[in-house]
Amino acid sequence: LANPTKWSFPDGAVLAPGKLMLIWADEDGSDGDDHANFKLAVGGEEIGLFAADGVTVLDSIIFGPQAADISTGRLVDGVGPWVILLTPTPDSLNDPGTCGTRGFDALDPTQHPVRLSMVGSPAVDSTTLLETSAGPALGTAVLCFSLAPAYFPFDTGIVLVDLTTLATLLLPLDAAGSFTLPLGIPSNPGLAGLTLVFQSWCVALDASLSASNAIEATICP
C-alpha cells in the first residue's frame with residue numbers, strides 16, 4: 001500500500017461493467033502484459049487498487065496466511081465485506097448468477113471447522129441434499145435458513161453469515177459429527193431465482209459451540 005505505482009494495467013485495458021481481467025501476480029513480465037511485477041506472500045501481505053493518479057485508493061485488502069485453492073473476494077460484487085470463496089473462479093464472476101450455488105466462509109476458515117455442502121443443483125421440482133460434516137460427535141446442529149448473506153464476526157471468532165434468519169432446524173449429529181438433510185423444492189415456477197443462505201451452528205455434548213461455512217443457493221427454473 002506504500003507503493004501505489006508499483007505496477008500499472010496494460011495500456012488500453014478497458015473493462016465493461018460485469019467483465020473481468022485475470023492478472024498473474026508472479027513477478028514475470030516476460031510472460032505478457034497480464035503478469036505483474038510483484039508476487040504476494042503466502043504468509044500474508046497487502047495489496048491495493050489505485051486510480052490512475054497513483055494516490056486515490058479504489059480498494060485494498062490486508063490478508064493473512066493463505067491456503068491452496070481458496071479465493072478471497074467481496075461477498076457482494078463491488079461492495080460488502082471480504083470473504084473466503086470456497087470455489088475459485090478466476091475466469092468468471094464470483095456470483096453464481098441467476099441460479100446455482102456458491103460456498104463462502106470467514107476470512108480465516110479455521111474459525112469454522114464444520115463443513116456444509118449441497119449435493120445436486122437447486123431447481124424447481126427437484127431434491128438436493130444438505131450435508132454437514134466434521135461437527136462434534138453426537139452433538140446437535142442448528143441449521144439456519146436466510147434470504148441474504150451477511151458477515152458478522154463475534155468475539156469467539158465465529159462469523160454469522162445469515163443476515164435475517166427465516167427458520168432453524170435442530171438436527172442430531174451422528175458419531176462422525178455429520179447429518180444429511182433432503183431439501184425438496186416444490187414444483188412452483190415462482191420459486192425460480194429465490195436465494196437461500198444456509199449455515200450450521202453445532203453444539204457439542206460439552207455445550208461448546210462451533211459453526212460451518214455458508215452455502216448460498218439460487219433456485220434454478
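**Cysteines in close-up**

C220 counts as buried, with a relative accessibility of 8%; buried means under 20% relative accessible area, exposed over 50%, and partly exposed in between (1.4 Å probe, protein chains only). The model is predicted, so local features need a pLDDT of at least 70 and side-chain atom pairs count only at pLDDT 80 or more, while totals for chains, interfaces and linings use all residues. Residues are numbered from 1 along each chain as its sequence is written, and side-chain values use heavy atoms, with hydrogens and water left out.

View 1. A disulfide is a covalent bond between the sulfur atoms of two cysteines; here it is assigned to a pair of cysteine sulfur atoms within 2.5 Å. This rule gives a count of one disulfide. C99 and C220 are joined with an S to S distance of 2.5 Å. The link is right-handed, with 90° about the S-S bond.

**View 2. The parts tied together by C99 and C220.** C99 lies in the loop between β4 (79-85) and β5 (100-105), and C220 in the segment after β14 (209-218), so the pair ties together parts that are 121 residues apart in sequence. Strands (E, at least two residues) and helices (H or I, at least four) are DSSP runs, numbered from the N terminus. C99 is partly exposed, at 27% relative accessible area, whereas C220 is buried at 8%.

**View 3. C144 and C202.** C144 is buried at 8% relative accessibility, and C202 is buried at 0%.
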